[in-house]
Amino acid sequence: MNNVVIVGRITRFKGNEVMITVNRNYKDEDGGYMSDLIYVCVGMNMAEQMEKYCKISDVIAVKGRLENRGNIVVVAEKVTFISSKKAE
């Protein structure tokens, strides 16, 4: 089975490709948390909905599968909006 579930903050929208930042669950030598940038490929309908309702730095959960397209990409089957940073 090829299933993956990730939770992270949106860092970029580009067509049907979304980049999210996922924090690791351990600290580095400096006491900070490292993060990974994950490319997520979504369907065009899902991409339009995300552009309409989500913004950069919102937290989303993605359920999908891994695919090798020259680099590893998560192909989204479901995207769930979790939270938004409050405006200061």
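Modeller: I start with the whole chain, then turn to the core, the strand pairing and a loop.

This is a predicted model, in which local features need pLDDT of at least 70, side-chain atom pairs count only at pLDDT 80 or more, and totals for chains, interfaces and linings use all residues. Residues are numbered from 1 along each chain as its sequence is written, and side-chain values use heavy atoms, with hydrogens and water left out.

From the N terminus, the order is β-β-β-α-β-β. The radius of gyration, taken over C-alpha atoms, is 13 Å, close to the 12 Å that the globule rule gives for 88 residues, so the protein is as compact as a globular protein of that length. That rule is 2.2 Å times the number of residues to the power 0.38. Of the 88 residues, 30% count as buried, meaning under 20% relative accessible area with a 1.4 Å probe, protein chains only.

Now the core. A nonpolar core is a set of buried Ala, Val, Leu, Ile, Met, Phe, Trp, Tyr and Cys residues joined through side-chain atoms within 4.5 Å. The largest one has 15 residues. Those with the most contacts inside it are Ile-6, Ile-10, Ile-20, Val-40, Val-42, Ile-60 and Val-62. At least two core residues come from each of β1, β2, α1, β4 and β5 (72-83). In soluble globular proteins, nonpolar side chains tend to be buried together.

Val-62 shows the packing. Contact means heavy atoms within 4.5 Å. Leaving aside neighbours within four places in sequence, Val-62 touches Val-4, Val-5, Ile-6, Ile-20, Val-40, Val-74, Ala-76, Lys-78 and Val-79.

Next, the pairing, where two strands pair if DSSP finds at least two bridges between them. Strand β1 (residues 4-14) runs antiparallel to β2 (residues 17-27), with five bridges. Here Ile-10 has Ile-20 as its bridge partner. The hairpin leaves two residues between these strands, and Gly-15 takes a positive phi near 65°. Strand β2 also pairs with β3 (residues 33-41), antiparallel, over eight bridges. Val-22 stands opposite Asp-36 there. Five residues separate β2 and β3 in their hairpin, where Gly-31 has a positive phi near 90°. β1 and β4 (residues 59-68) are antiparallel too, over six bridges. Gly-8 stands opposite Ile-60 in β4.

Asp-58 sits in the loop between α1 (44-53) and β4. Asp-58 counts as buried because its relative accessibility is 1%. The Asp-58 side chain reaches the backbone nitrogen of Lys-55 at 2.9 Å.

Note on methods:
Helices (H or I, at least four residues) and strands (E, at least two) are DSSP runs, numbered from the N terminus. Buried means under 20% relative accessible area, exposed over 50%, partly exposed in between (1.4 Å probe, protein chains only). A polar contact is a pair of N or O atoms within 3.5 Å; within protein, one must be able to donate a hydrogen and the other to accept it, and residues adjacent in sequence count only if both atoms are side-chain atoms.
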